[in-house]
Amino acid sequence: VEDANERIVGSIVNYACHPVCVYPHLPTSISADFPGDVTEFVERAEGGVCLFALGAAGDIVPYQRGVDAHRQLGRAVAGEAVRRLQFIETSGDLTLKAIKKEIKFAAKQPVSADGEERAEEDEEYITSEMQVFRVGDIYILGLPGEVLVEIGLEIKKRAGLERLFVVSLSNDAIGYVCHGQAYEEGGYEPGSATRLAKGAGEIMVKE
């Protein structure tokens with residue numbers, strides 16, 4: 001976003017990677033991690049306020065960890081953002097729209113000590129919402145939970161929009177949202193880290 005003198009008022013960076021560079025090296029109760037470096041670097045270079053929107057990063061983590069790593073990753077992402085900002089064409093004539101939609105997922109049934117599923121009527125479904133903001137030809141899709149990258153890529157593929165930002169952990173934290181294959185493979189995300197039953201990712205893509 002620019003002012004009348006073509007100075008940047010605000011920018012947004014959308015990137016998919018868990019912000020866990022400092023974990024477990026430093027306390028993480030409050031930490032901006034590498035997104036803090038991204039926004040600080042962009043603001044210094046270009047001015048204005050820079051926002052960071054986390055992409056579908058459910059199964060993407062930094063390869064390197066530590067204080068140095070979060071600075072390196074943050075500056076690398078910021079450097080790419082600054083490069084791209086140089087070539088964005090702006091216009092004073094644009095469309096602003098927003099829409100939201102309820103989304104409902106089947107909940108996992110709790111398992112008892114003997115391995116049998118226990119039905120709990122109050123946890124049959126988990127309800128949340130999705131929303132889309134349209135700013136000109138840019139679409140910002142807000143999804144609840146920690147969405148696996150395969151789901152984000154499938155949404156982009158089906159949407160057929162050149163400028164679509166997929167933003168996870170938007171408005172709600174419902175655990176990991178996984179596609180069917182992840183449940184078959186097993187592991188942390190579709191296991192203890194989510195209360196959503198198999199099929200959640202496919203529901204999200206469809207909705």
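Student: Before we start, what should I know about the model and the numbering?

Tutor: The model is predicted, so local features need pLDDT of at least 70 and side-chain atom pairs count only at pLDDT 80 or more, while totals for chains, interfaces and linings use all residues. Residues are numbered from 1 along each chain as its sequence is written, and side-chain values use heavy atoms, with hydrogens and water left out.

Student: How many helices and strands does the protein chain have?

Tutor: Five helices and eight strands. Helices (H or I, at least four residues) and strands (E, at least two) are DSSP runs, numbered from the N terminus. Along the sequence the pattern is β-α-β-α-β-β-β-β-α-β-β-α-α.

Student: And what box do the C-alpha atoms fill?

Tutor: Roughly 65 × 40 × 25 Å, taken along the principal axes.

Student: What share of the residues is buried?

Tutor: Of the 207 residues of the protein chain, 36%. Buried means under 20% relative accessible area, exposed over 50%, partly exposed in between (1.4 Å probe, protein chains only).

Student: Let's do α1 and α2. At what angle do they pack?

Tutor: About 40 degrees, with the axes 7 Å apart. Here α1 is residues 33-46 and α2 is residues 67-85. Axes are lines fitted to C-alpha atoms, for helices over the stretch in contact, and angles run from 0 to 180 degrees between N-to-C directions.

Student: What do we call that arrangement of α1 and α2?

Tutor: Oblique. Angles under 35 degrees count as roughly parallel, over 145 as roughly antiparallel, 65 to 115 as roughly perpendicular and the rest as oblique.

Student: Which residues of α1 and α2 make the contact?

Tutor: On α1, they include Phe34, Val38, Phe41 and Val42. On α2, Leu73, Val77, Ala81 and Leu85 are among them. Contact means heavy atoms within 4.5 Å.

Student: Which residues of α1 are buried?

Tutor: Asp33, Phe34, Pro35, Asp37, Val38, Thr39 and Val42. What covers them includes β1 (10-15), β2 (49-54) and α2.

Student: And in α2? What do its buried residues pack against?

Tutor: They pack against β1 and α1. The buried set is Ala69, His70, Leu73, Gly74, Val77, Ala78, Ala81, Val82 and Leu85.

Student: What comes after α1?

Tutor: Gly47. Its phi is positive, near 85 degrees.

Student: Which residues other than glycine have positive phi?

Tutor: Leu169 is one of them, with phi near 50 degrees. Asn171 is another, near 75 degrees. Leu169 lies in the loop between β7 (164-167) and β8 (176-177). Asn171 is found in the loop between β7 and β8 too.

Student: How accessible are Leu169 and Asn171?

Tutor: Leu169 counts as partly exposed, at 43% relative accessibility. Asn171 is exposed, with a relative accessible area of 55%.

Student: New topic: Glu189. Where does it lie?

Tutor: In the loop between α4 (180-185) and α5 (200-206). Glu189 is partly exposed, with a relative accessible area of 22%.

Student: What does Glu189 touch?

Tutor: Gly58, Asp59, Leu148, Tyr176, Cys178 and Thr194, not counting residues up to four places away in sequence. The C-alpha atoms of Glu189 and Val147 are separated by 9.8 Å. Those two residues are 42 apart along the chain.
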